[in-house]
Amino acid sequence: MSKFKVSIFGLLFILLLSIFLVSCESNKSPLYDLGVETELVDYTSKNMVSSLLPSRPDLTKVVHIFRKSPVRSEKSRGNSGSANTPDYKLTGVKWANGGIYYVQPRADLDLNSVFANAFQTWNYAEPNAPVFSDSNTPILPEGALYGLNVDRVNTISFGDLSGYGRDALAVTQYVYYTSSKEIIEFDQVYSAAEAWTVYPVTSEDYIPGGDIGPFDLPDIATHEHGHIFGLSDLYNSRDKYLTMYGYASAGETLKRTLGNGDILGIQKIY
Ligand SMILES: [Zn+2]
């Protein structure tokens with residue numbers, strides 16, 4: 001009888017321990033780290049930063065920073081992995097509805113088609129995902145601004161990202177209701193210091209560490225749009241053929257096409 005009691009207590013202890021460990025694990029997610037003040041955020045050490053808006057505690061702001069990776073470390077990743085890898089990571093927030101976005105024009109590139117195509121790539125993979133439509137005018141509603149501002153207007157622009165740490169290539173910011181986790185606004189800024197281009201064809205060949213020529217805007221835009229929909233970066237080298245892989249080589253066009261994990265991820269959310 002006493003042996004039986006001991007084993008019951010043993011089981012109970014293990015059960016409580018696992019509940020404790022599971023709750024510790026879920027607290028690690030930076031999205032739920034709501035105590036961080038915007039002013040204290042260290043953009044140099046983190047690629048995803050979440051903060052409560054001091055003036056609006058019902059809103060949380062998240063910033064995803066895409067940094068250029070050193071050529072050497074990209075080369076050392078080897079040739080493992082494929083676009084069939086089923087990996088994805090969710091941010092835990094999503095849209096109830098899509099909306100309109102504004103694109104700040106550039107003389108040298110047809111930005112509107114680049115960003116619209118990048119959205120379509122995701123909508124094609126999951127028709128229930130929210131639809132975002134180009135405003136067809138760069139003129140913002142009164143009071144709104146291009147850049148990473150919280151003004152309830154979705155914008156895409158090119159600007160100075162030196163405040164976001166070393167080698168920031170692009171930043172996607174979104175704002176969501178802290179309680180319901182519904183996203184209500186996004187802004188994207190691509191580094192104006194970077195030479196961007198739109199390569200004419202989607203190359204099937206990917207040479208890790210190739211790093212030839214400027215970055216492909218559709219490549220990075222498709223990745224950044226993934227953050228808008230609710231997907232997080234992947235950093236495991238086996239995921240390097242997926243759109244949500246957190247590094248990119250100059251000259252690659254690989255992220256224009258979704259991999260298995262990207263498709264499974266957006267389908268999981270919507
Ligand atoms: Zn990213």
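These are my notebook entries on a predicted model of one chain.

**Ground rules.** I number residues from 1 along each chain as its sequence is written. Because the model is predicted, I take local features only at pLDDT of at least 70 and side-chain atom pairs only at pLDDT 80 or more, while totals for chains, interfaces and linings use all residues.

**Whole chain.** I looked up the secondary structure and found five helices and ten strands. Helices (H or I, at least four residues) and strands (E, at least two) are DSSP runs, numbered from the N terminus. Of the 270 residues, 36% count as buried. A residue is buried if 20 or more other C-beta atoms lie within 10 Å of its own, exposed if 12 or fewer, and partly exposed in between, with C-beta atoms placed from the backbone. I then checked contacts (C-beta atoms, placed from the backbone, within 7 Å). Among those between residues at least 6 apart in sequence, 70% join residues at least 24 apart.

**Confidence.** The mean pLDDT (the predictor's confidence in each residue, from 0 to 100) is 82, and 76% of the residues reach 70 or more. I noted two stretches where pLDDT stays under 50. One is residues 21–40, with 19 contacts beyond four places in sequence. The other is residues 72–76, with seven such contacts beyond four places in sequence.

**Strand pairing.** I count strands as paired if DSSP finds at least two bridges between them. Strand 1 (residues 48–53) and strand 2 run antiparallel and are joined by six bridges. They form a hairpin with two residues between them, and L53 stands opposite R56 in strand 2. Strand 2 is also joined to strand 7 by nine bridges, again antiparallel. In that pairing I find H64 opposite T172 in strand 7.

**Core.** A nonpolar core is a set of buried Ala, Val, Leu, Ile, Met, Phe, Trp, Tyr and Cys residues joined through C-beta atoms within 7 Å. The largest one has 53 residues, of which F115, V171, Y174 and I220 touch the most other members. Elements giving two or more residues to this core include strand 2 (56–67), helix 3, strand 7 (168–177) and helix 4. Strand 7 supplies the largest share, seven residues. I listed the contacts of Y174, leaving aside neighbours within four places in sequence: V62, I183, E185, F186 and I228.

**Helix 4.** I checked its length: 13 residues reach 18 Å from first C-alpha to last, close to the expected 18 Å. The expected span is 1.5 Å times one less than the number of residues. Helix 4 is mostly covered, with 13 of its 13 residues buried. G230 follows this helix and has a positive phi, near 120 degrees.

**Helix 5.** Which residues of helix 5 (residues 260–269) are buried? I find G261, D262, G265 and I266. Seen down the helix axis, they fall within an arc of 130 degrees, so they line one face of helix 5. The arc is that of the directions from the helix axis to the C-beta atoms. These buried residues pack against helix 3 (111–125) and helix 4 (217–229).

**L90.** I located L90 in the loop between helix 2 (71–75) and strand 3 (94–95). L90 counts as partly exposed because it has 16 C-beta neighbours inside 10 Å. Not counting residues up to four places away in sequence, L90 touches G230, L231, S232, G265, K268 and I269. The C-alpha atoms of L90 and I266 are separated by 8.7 Å, although the two residues are 176 apart along the chain.
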